[in-house]
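Biologist: Could you walk me through this one before I set anything up with it? I'd like the terms spelled out as we go.

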Amino acid sequence: MAHVVLENLVKTYGAFTAVNNVSLKVEDGEFVALVGPSGCGKTTTLNLVAGLIPVTSGEIAIGDQIVNDIDPKDRNIAMVFQNYALYPQKSVYKNLAFPLQMRKLPRDEIDRKVREAARVLDMTHLLERKPRELSGGQQQRVALGRALVRDPAVFLMDEPLSNLDAKLRVQMRSEIKRFHQDLKATIIYVTHDQLEAVTMADKMAVMNGGFLQQYDSPAQVFAHPVNMFVASFIGSPAMSLIPLEASTVNGQTVLTGAEGWTMALSPLNARKVQRSTTRKIVLGARHSTIKLAKSASPDAIPAKAYTVEPTGDVTFVQVSLSGAVVNISVPPNVAIAPDEQIWLEFDQDRIHLFDGATELALK
Ligand code: ATP
């Protein structure tokens with residue numbers, strides 16, 4: 001396997017910049033997810049690594065070789081797409097063997113590699129079937145197998161699970177994760193599904209508008225999002241972002257909501273606000289860090305329940321607060337009605353504070 005380095009990668013289409021100065025290193029054997037909303041430049045980045053489109057500027061290295069001017073077929077990569085791209089007339093065996101025949105490998109070596117891939121992916125019993133005789137998940141496994149027999153330095157996967165139904169997607173998610181663990185493969189994996197990225201990847205590259213927003217482990221990205229975009233994109237339900245006004249009252253730093261309530265900040269959070277130049281602060285809180293208070297108290301913030309969504313295990317309540325919609329979760333036995341007056345407590349150790357103007361996390 002090999003590492004992959006992108007340095008100041010740019011791709012423009014006329015005046016439009018699809019990939020804007022992206023730099024990152026995928027370590028040898030690492031699983032990296034490129035994640036972000038539709039149109040953020042994930043697929044373009046992957047296609048640049050694959051060599052399917054030429055770079056505008058910047059450098060791509062696979063292993064120790066700069067590959068900008070190297071043909072896709074000579075980059076030692078294998079791609080897996082969402083539409084599988086299997087040959088419908090060929091058996092699974094022949095689908096797997098075909099790329100090796102093209103490389104003119106001896107017949108017994110082809111047979112060995114095909115059977116080994118089939119064993120790894122648990123599809124030996126499917127080798128004689130045609131693609132139309134396979135389920136979606138099995139077809140996706142053949143597509144993975146076809147990438148595997150090529151023994152590439154890097155696997156590039158573009159939304160490989162998006163054609164599968166929800167249940168199968170979860171199952172294939174763990175199969176691909178297993179595939180990565182067993183083979184210690186270097187994988188770059190494009191998905192718009194943050195949950196897929198969080199659950200599978202060693203690192204995630206969160207993109208928006210062609211820019212790389214944050215590149216780190218899912219746990220770090222979840223716990224320390226660098227800006228409001230990343231904060232709201234990663235996690236479900238999304239982190240609530242509440243615009244507030246900072247001020248000093250009797251020597252204490254407080255945040256004031258549009259309804260006039262105030263929240264005193266812990267010393268650590270107060271220092272973050274004091275260090276910033278803006279008074280427009282956005283408070284970020286995940287549903288799990290907001291507690292329902294029993295009644296009015298100095299620390300509790302009054303709010304009105306807006307919608308109530310029981311999901312079985314947990315009930316999500318949406319609350320309007322300071323012009324924002326805030327997601328909270330309560331146990332299923334807690335009865336809250338729409339429009340009911342409730343009180344919220346924010347866990348000061350787990351809230352996030354952002355500069356309302358730059359949208360960057362306060363440090
Ligand atoms: P999705 O999840 O919808 O596939 P993506 O993040 O993979 O989105 P890209 O396919 O990388 O997005 O596209 C990034 C941007 O570049 C989009 O705005 C797209 O319209 C634009 N783009 C892609 N290919 C071209 C092209 N050949 N000509 C002009 N613009 C393009």
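Modeller: Helices here are DSSP runs of H or I with at least four residues, strands are runs of E with at least two, and both are numbered from the N terminus. Counted that way, the protein has nine helices and 20 strands. This is a predicted model, in which local features need pLDDT of at least 70 and side-chain atom pairs count only at pLDDT 80 or more, while totals for chains, interfaces and linings use all residues. Residues are numbered from 1 along each chain as its sequence is written.

Biologist: What does the C-alpha trace span along its principal axes?

Modeller: The span is about 80 × 45 × 35 Å.

Biologist: And how much of the protein counts as buried?

Modeller: Of its 363 residues, 39% count as buried. A residue is called buried if 20 or more other C-beta atoms lie within 10 Å of its own, exposed if 12 or fewer do, and partly exposed in between, with the C-beta atoms placed from the backbone.

Biologist: Which residues of α1 are buried, then?

Modeller: Lys 42, Thr 44, Thr 45, Leu 46, Asn 47, Leu 48 and Val 49 are the buried ones. Helix α1 covers residues 42–50, and since seven of its nine residues are buried, it is largely enclosed by the rest of the structure. Just after α1 comes Gly 51, with a positive phi of about 85°.

Biologist: Let's move to the sheets. What is the strand order in the six-stranded one?

Modeller: That open sheet runs β6-β7-β8-β3-β9-β10 with mixed pairing, where two strands are said to pair if DSSP finds at least two bridges between them. The edges are taken by β6 (77–80) and β10 (211–216), each with a single partner strand, so one side of each is left without a neighbour in the sheet.

Biologist: How do β3 and β8 run, parallel or antiparallel?

Modeller: Strand β3 (residues 31–35) and strand β8 (residues 187–191) run parallel and are joined by five bridges, with Val 35 standing opposite Thr 191 in β8.

Biologist: What about the sheet of five strands?

Modeller: It is an open sheet with antiparallel pairing, in the order β15-β19-β16-β17-β18. At its edges stand β15 (290–293) and β18 (324–330), each having a single partner strand, so one side of each lacks a neighbour in the sheet. Neighbouring strands are turned by 50° against each other on average, direction ignored.

Biologist: At what angle do α2 and α3 pack?

Modeller: Helix α2 (residues 92–102) and helix α3 (residues 107–120) pack at about 135°, with their axes 9 Å apart. That makes α2 oblique to α3, given that angles under 35 degrees count as roughly parallel, over 145 as roughly antiparallel, 65 to 115 as roughly perpendicular and the rest as oblique. Tyr 93, Leu 96, Ala 97, Leu 100 and Gln 101 of α2 meet Ile 110, Lys 113, Val 114 and Ala 117 of α3, contact meaning that C-beta atoms, placed from the backbone, lie within 7 Å.

Biologist: Where is the cis peptide bond?

Modeller: A cis peptide bond joins Ser 236 and Pro 237, with omega about -5°. Pro 237 lies in the loop between α8 (228–233) and β11 (240–249).

Key. Axes are lines fitted to C-alpha atoms, for helices over the stretch in contact, and angles run from 0 to 180 degrees between N-to-C directions. Two residues are in contact if their C-beta atoms, placed from the backbone, lie within 7 Å.
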